[in-house]
Amino acid sequence: MTLRHAASLLILLAAVPLLSSCWDKTEMNQLALVSMVGVDSDPDKGTIKVYYQIINPLSGSSTIKAPGGEQAPVYTYEMEAKSFGEIRSQIYKKLPRKLFIAHYKVLLVSEQTARQSIRDYANFIEMQPNGRSSIPMLVVEGPLEPVMKTFTPLEKVPSDSIRARLDQLIQNSLLSERNIRITDVIERMQQSRSIVLPILTRIDDARSAKSGEVASNIDAEQGSFIISGGAVFQNYRMTGRLNDEQMIWYHLLAGDKGLHVRLFEVEGKPVSLEFHLDQIKRKASWQSGRPVIRIFMDIELSTAYTSEYIPKSRNEVDKMEQEVSQAIERECYKLYELSREREWDLLGIKYLLRRKTPDHPNIEDAEKNAKVSIQVNARLKKMGSLQKPYDETGGGS
Amino acid sequence: MVHSRKDKQHPLISGDLVRDIMSALGSPPDLFCRTLYVPDTEQLALQCVYLESMIDKKTIDDYILKSYMESTFAEGKSPHSEEWDNFWRERSFAEPYHSLKEQAIQALIEGQCILIDYKKERICFVNVTFPKDRPIDEPKSESTIRGPHEGFTENILVNSGLLRKRIRNPNLRFEPMVIGNQSKTTVYLTYLQNLAPDVLVREMRSRLSAIQTDSVLDSAYLEEFLQDRIWSPFPTLTNTERPDMVAAHLLDGKVAVMVDGTPGVLIAPITFFEFFTSPEDYYQRADIATFIRWLRLISFFTAVFVPSLYVAATTFHQELIPTQLLISLSAQREGVPLPVLVEVLIMEIMFEIIREAGLRMPRAVGQALSIVGAIVLGQAAVEAGLISASIVIVVAVTGITNFVVPVYSFGMSQRLLRFSFLIIGGFLGLFGILCGALLLLAHLVSLKSFGVPYMAPVTPAQGSDWKDVLVRVPRPYLRPRGLPSVIERLKRKH
C-alpha cells in the first residue's frame, strides 16, 4: 500500500512540470489589454504597420480614481516592421507591458493593405496562441492612422463603439451581418468564395486628441467615423466595393433574415415597407450542358413604419406585394449582373455548382454561362397600428 | 482524643480513617468531618465525612444527621435492592482497613458522604451527590428556527432522558462503558436494537473497547480513536448537540456515542452528502428544503474553490475573464504591490485570525475587534493600496459561505481545503486545481465510514436514496421502508 502511494505521488510529481506554473504567471497589472488592432502597409518602404489600441484600465473604472485627472480611455501604439513576426520583438521598444491580445474586439485593415493581400495577416492571427479569430474584421477607407487615433463618444473605447454599432446594424438593418469574423474570411477564401466586409469611413478630418473634448462636444459626428458600404474580397484581396443599397440585396441573397425598412414605389407612390426574408431556396440543374440556378425567396412585408399609403383592399394588397416582389427581383438581378461583370461570386453560385457537381472539370466557365433566375414572393404579413394616415385634407372623416 | 474502647476496637476507630483520607486527598478545603458523640460522654458515635463541593448539604443535615440523632436512622434492616445499593452501601469495620480506606476515598470523590457508625461498627456510603448541571438550553452552535430548541447538557442521564423523550421504544439501547484510565468517564453506546445493523453495533463496540486513553473530556477525544482514517480532512463521524438530530439518525439505523460531561454526541456512520442535510430540512416544506440544500452545496463549492479560481484566473488565464470584468479587475490592481496569491493569502489568514479571536475573546472587547476587523478586511485596506477591492469581496464571500454548512466540523475541513487549493491555484493555475479536485474526488470515493462508502448514495449509486440527496422529496414519498439503502445493505451483510 505504501509502495502504491509512493508510486502515485511520484507520477504526480513527474506531471507537475507539465502544468502551467510560475513560469507563465502574469499579474493583471502587467498586461497591456489590446482592444483593437489595425493593419496598414507602406508599399514604398516595403514595411507593414500594426496599430495596437491598448485599454487604459484606470480610465474606464469609476471606483478607482485616476491620478492626475481625466485620462485617455485607450492609447494607440504604432509598430512598423518588415514582417509580422518582427513586430513581436519590436513592440517592447514602446510598450511597457506584456501584449495581451486575447480580448481584442475589432480588427481593422486599411483599404490599401486589403487591396494588396490579407493572407499574411490571416496566417499571423492563426499562428498566435492567444489571438482570437472570432472577431469582426472591417476595412478602413483611406489611411488607417486617423481612425486608430480617434475617440468615440458614448462608448469610450473605440472598439466597443464599433462592435456595438455592428450589433445594432445587424438587429435593425440588412447593412451588416454576423459572418464577418476573421474565421469567416479565412473559410470563404479557402472555399474560393467572396465575402463582403463593412467599411469604416471617416466623416471629416476634424478630430481631437483629447477624449474629454470629444465627450464634451455636442456634435457627436465631428471627427468620427461611420460604417458604410462593403468591401468585396476574393482570394484574400479586396477587389471592389458595394454601396449601402447593394449591401441590402447582398445580405438578402446571402440568406440574412434581418429586418430592414426601405422606400419602395407602389403604383407610382413611395411607400416605406419593413421586410425580412422568410426563407430562401437555391436550386441548381443542368439544361443542355448549361447550369440553371433558380433562387426562390419568400419575403414578409410589414406596414408597421408606413405612413404614406396603407392598402385597404385585397386588390391593393396584391398589387403592393406584386410590385415589391418585382422591385426586389430587379435589385437582386442588378447585383447579380454586377457580380458577374466583376467576376465576383456574391450569390455563391460557384460554390453551389461545385457542391452539386464536384467532378465538373471547369466550374469557372460553367458559372459564367449559368442562367440565373430569381423569383421573389413578397407577402404582407403584418399591418401597422395606423389604418389611415393623416392627410392634407385635414379634419373629420 | 482518648477513647476507652479504643484498644478493643478496630484500629481505624478514633479517627485514623479520617486522618488517612485527609492525607490521601491532600487535606482539601472542601473536605468536612462532622462528629457526633454519645450523649454526655466523649465517646465517638458517628463521623460524617464529605466533600462539600460535591454533595447536597441540606440532605445530610435534614435527613442523615437528624435521623441519626432521632435514632430512626439506625433502626431496622436496610432493604436489599439494586436501587438501595446505589444509594446506600454498608461495610463492616471487620473488613480489611486498606480496602475500606480505598472505597471511602473513591466514594468521596464520586460525591458520596461517608458515615462511620461507631455504635454498629460499620461504614456507610450514602449517595447525596448534588448534580451540578446547567439546565437544558438551546445549543449555541446549532440554533434552529423551526423545530425543537432543546439541546444536550453535560449530564449523560439528562441526555439519555432527552432521547427517550423522543423515541419511546423499548428497543432503544444505552450500553454503558467506562473509558479513561484516569478520568473514568461514562460513555453510552446508543442505538435502536431493531433498526441498527448488528455489524455496525459490534464494530462500534469493539472500537470503543479498544480505546486506551487516560481521559475523555469531550466526545472529540473519542472521535479521533473511532474515525476510519486519521489523515483525512473529512470527518467520518458527525457530532451534534441536538437530541432531535441524534433521534433522527438513530431512527435511520445508525449508532450514537454519548459521553458524560459533554453535550456533544457522536453519530456514525455518516456520508458526504449528509453534511449538507440538517434536521431542519424535514421541518420545512420539501421545495424550500431542496432549495436550501442546493444553497449549501453551492456554498461548499464557493467556500472551497472561489479564492483559488480567482487567483488562477487572474494570474494564468486572463483570457477566461470577460473583457469588462478584466478591465475593472486590472484597474483595481493598479498600484497594488503584492501578487494576487499573496494578497488573497494575507486576507484569508487575517480573516481566520479575526474569526478565531472572535470565538474566544471576552465579550467586552467584541466591539473593538469588529471595528479593527472591518478596517483590516475592508475599505481602509483597499484605500491604503495594500489590497485590491475585489479581494475583499472574494474573502467575504468565502467567509460567509463557509458558515452555511450545518456541521461545524465539516466547515473546518472546508477551511483546510480552501487553503490547499489556493496554494495549488496560485502555483499551478486551473490545471493544478483540476488535478487537485480529481485527487480530492479520488480520496472521497476511497473513504468509508464504518463500512459505508463516504460518497453513497451517489457512488456506489443507490437509486432509492437519491430522493434525499440533492432534492428532498415530500415526506409521503420518502423511504416508505424506513431505512436508507446503505444501512439496509449493512444489515444484509450480517
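# Reading the contact between chains A and B

The contact takes 27 residues from chain A and 30 residues from chain B.

Student: Before we look at how the two chains meet, what kind of model is this?

Tutor: This is a predicted model, and every value we discuss is computed from it. With that in mind, chain A and chain B bury about 2,400 Å² between them, and 66% of that area lies on carbon and sulfur atoms.

Student: How many salt bridges are there between chain A and chain B?

Tutor: The count is two salt bridges. In one of them, the side chain of A:Arg97 meets that of B:Glu334, with 2.9 Å from N to O. On the side of chain A that touches chain B, β1 (31–42) and α2 (57–60) each supply at least two residues. Polar contacts are counted as well, and across this interface eleven residue pairs are found, both residues at pLDDT 80 or more.

Student: Which residues make the nonpolar surface patch?

Tutor: A:Leu9, A:Leu12, A:Leu13 and B:Leu439 make it, and the patch covers about 380 Å². Its largest share, three residues, comes from helix α1 (residues 2–15) of chain A. In general, an α-helix has 3.6 residues a turn, so residues three or four places apart point the same way.

Student: Why is B:Leu439 called partly exposed?

Tutor: The term covers relative accessible areas between the buried limit of under 20% and the exposed limit of over 50%. B:Leu439 is partly exposed because its relative accessible area is 46%.

Student: Is A:Arg262 buried or exposed?

Tutor: A:Arg262, which is placed in strand β10 (residues 260–266) of chain A, counts as buried because its relative accessibility is 16%. Leaving aside neighbours within four places in sequence, its contacts include A:Glu245, A:Trp249 and A:Glu331.

Student: What does B:Arg355 touch, not counting residues up to four places away in sequence?

Tutor: B:Arg355 touches B:Gly399, B:Asn402, B:Phe403 and B:Arg415. This arginine lies in helix α11 (residues 340–360) of chain B and is buried, with a relative accessible area of 10%. Although B:Arg355 and B:Gly399 are 44 residues apart along the chain, their C-alpha atoms are separated by 9.3 Å.

Student: Which are the buried residues of helix α16 of chain B?

Tutor: In helix α16 (residues 485–493) of chain B, they are B:Ser485, B:Val486, B:Ile487, B:Glu488 and B:Leu490. The buried residues of this helix pack against α6 (198–209) and β12 (452–453) of chain B.

How values were computed. Residues numbered from 1 in each chain as written. Chains lettered and ligands numbered in written order. Predicted model: local features only at pLDDT ≥ 70, side-chain atom pairs only at ≥ 80, totals over all residues. Heavy atoms only, no water. Patch = residues over 30% accessible without salt bridge, like charges linked within 9 Å, V, L, I, M, F, W, Y side chains within 5 Å. Areas by Shrake-Rupley, 256 points an atom, 1.4 Å probe, with all protein chains shown as cover. Salt bridge = Lys/Arg side-chain N within 4 Å of Asp/Glu carboxyl O. Helix = DSSP H or I, 4+ residues; strand = E, 2+ residues; numbered from the N terminus. Buried < 20%, exposed > 50% of the residue type's maximum accessible area, 1.4 Å probe, protein only. Contact = heavy atoms within 4.5 Å. Buried area = accessible area lost by both parts, 1.4 Å probe. Polar contact = N/O pair within 3.5 Å; in protein donor to acceptor, adjacent residues only side chain to side chain.
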